[in-house]
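I would ask you to look at the sequence and the structure together while I go through them.

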Amino acid sequence: MPLSFLPVPDETRLPRWYFGGVAATLAQVCIYPVDVVKIGLQTEQIMEKITTYRYARYLLQTQGLPGSLRQQFLHSTSRFGIYHKIKEELQMKEVPFVVDLMLSAASGAVGALLKNPVEIINTRML
C-alpha cells in the first residue's frame, strides 16, 4: 500500500498524545547540558583549574540525565494523555474555551502530582 500524503479526514484521525511526551523528552535531551552548566555556574561549583567544558562533560556522564528524562516523559505524557482522555469522554464536537482551560489545568495538576516524586529523586541525584 503506497503512502499517501493527502490530508486525513478528522473522523479517522486518532489523537497521538504520546508524541507530545516524546517531543518533550527529546527537548530535555537538548536542554540538559545547558541546564547543567547553568546550575554549576550559579552554585559556583566550578573550580578555576577545571574548564567549563570538562565540568559539563563530567556532570553529563555521571549525573541525573536519566532521572530528568523520566521526569519529563512522565509529566508530559500524563498531561497529554489525561487531557485527551477527558476530552474524548465529553463527546463534544466543539469544546468551549472555559471548559478547555479547566481540562488543561486539571491535567497539568495531575501531571505535576505524578512528576513530583521523580523530581525529588532527580534533585537528589544532582
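Which pattern does the protein chain follow when it is read along the sequence? The pattern is α-α-α-α. In total, the protein chain has 4 helices and 0 strands. Helices (H or I, at least four residues) and strands (E, at least two) are DSSP runs, numbered from the N terminus.

Some remarks on the source are in order. This is a predicted model, in which local features need pLDDT of at least 70, side-chain atom pairs count only at pLDDT 80 or more, and totals for chains, interfaces and linings use all residues. Residues are numbered from 1 along each chain as its sequence is written, and side-chain values use heavy atoms, with hydrogens and water left out.

Let me begin with the chain as a whole. Buried residues make up 23% of the 126 residues in the protein chain. Here, buried means under 20% relative accessible area, exposed means over 50%, and partly exposed lies in between (1.4 Å probe, protein chains only). The protein chain exposes about 9700 Å², and carbon and sulfur atoms supply 65% of this area. Accessible areas come from the Shrake-Rupley method with a 1.4 Å probe; for residues, only the protein chains shown count as cover. Next come the contacts, a contact being heavy atoms within 4.5 Å. Among contacts between residues at least 6 apart in sequence, 78% join residues at least 24 apart.

Which residues make the nonpolar surface patch of about 390 Å²? The patch is made by Trp17, Tyr18, Phe19 and Phe80. Patches are made of residues with over 30% relative accessible area and no salt bridge; like charges are joined within 9 Å, and nonpolar side chains (Val, Leu, Ile, Met, Phe, Trp, Tyr) within 5 Å. Helix α1, residues 17-42, gives the most to this patch, with 3 residues. Trp17 lies in helix α1 and counts as partly exposed because its relative accessibility is 35%. Tyr18 is likewise partly exposed, since its relative accessible area is 36%.

Aromatic rings deserve a moment of their own. A pair of aromatic rings is described by the distance of the centres and the angle of the planes. The structure holds 1 aromatic pair. Tyr18 and Phe19 form this pair, which is edge-to-face, at 5.0 Å centre to centre with 70° between the planes. For the definition, rings of Phe, Tyr and Trp (its six-membered ring) pair if their centres lie within 6.5 Å; planes under 30 degrees apart count as stacked, over 60 as edge-to-face and the rest as tilted. At Phe80, the charged end of Arg79 sits over the ring, 5.6 Å from its centre. A charge sits over a ring if NZ of Lys or CZ of Arg is within 6 Å of the ring centre and within 35 degrees of the ring normal.

How many salt bridges does the structure hold? The structure holds 1 salt bridge, that is, a side-chain nitrogen of Lys or Arg within 4 Å of a carboxyl oxygen of Asp or Glu. Lys85 forms a salt bridge with Glu89, and the closest N and O atoms are 3.7 Å apart. Both residues lie in helix α3, 4 residues apart, about one turn of the helix. Lys85 counts as partly exposed because its relative accessibility is 46%, whereas Glu89 is exposed, with a relative accessible area of 56%.

Phe73 also has its place in helix α3. Leaving out residues up to four places away in sequence, Phe73 touches Gly21, Val22, Thr25 and Ser78. Phe73 and Thr25 are 48 residues apart in sequence, yet 5.5 Å apart in space, C-alpha to C-alpha.

Finally, I come to His75, which lies in helix α3, residues 65-90. Is His75 buried or exposed? His75 is buried, because its relative accessible area is 14%. Beyond residues up to four places away in sequence, His75 touches Gly108, Gly111, Ala112 and Lys115. Lys115 is in helix α4 and counts as buried, at 19% relative accessibility. Leu114 is placed in helix α4 as well, residues 97-125. With neighbours within four places in sequence set aside, Leu114 is in contact with Leu74 and Ser78. The C-alpha atoms of Leu114 and Ser78 are separated by 8.0 Å, and these residues are 36 apart along the chain.
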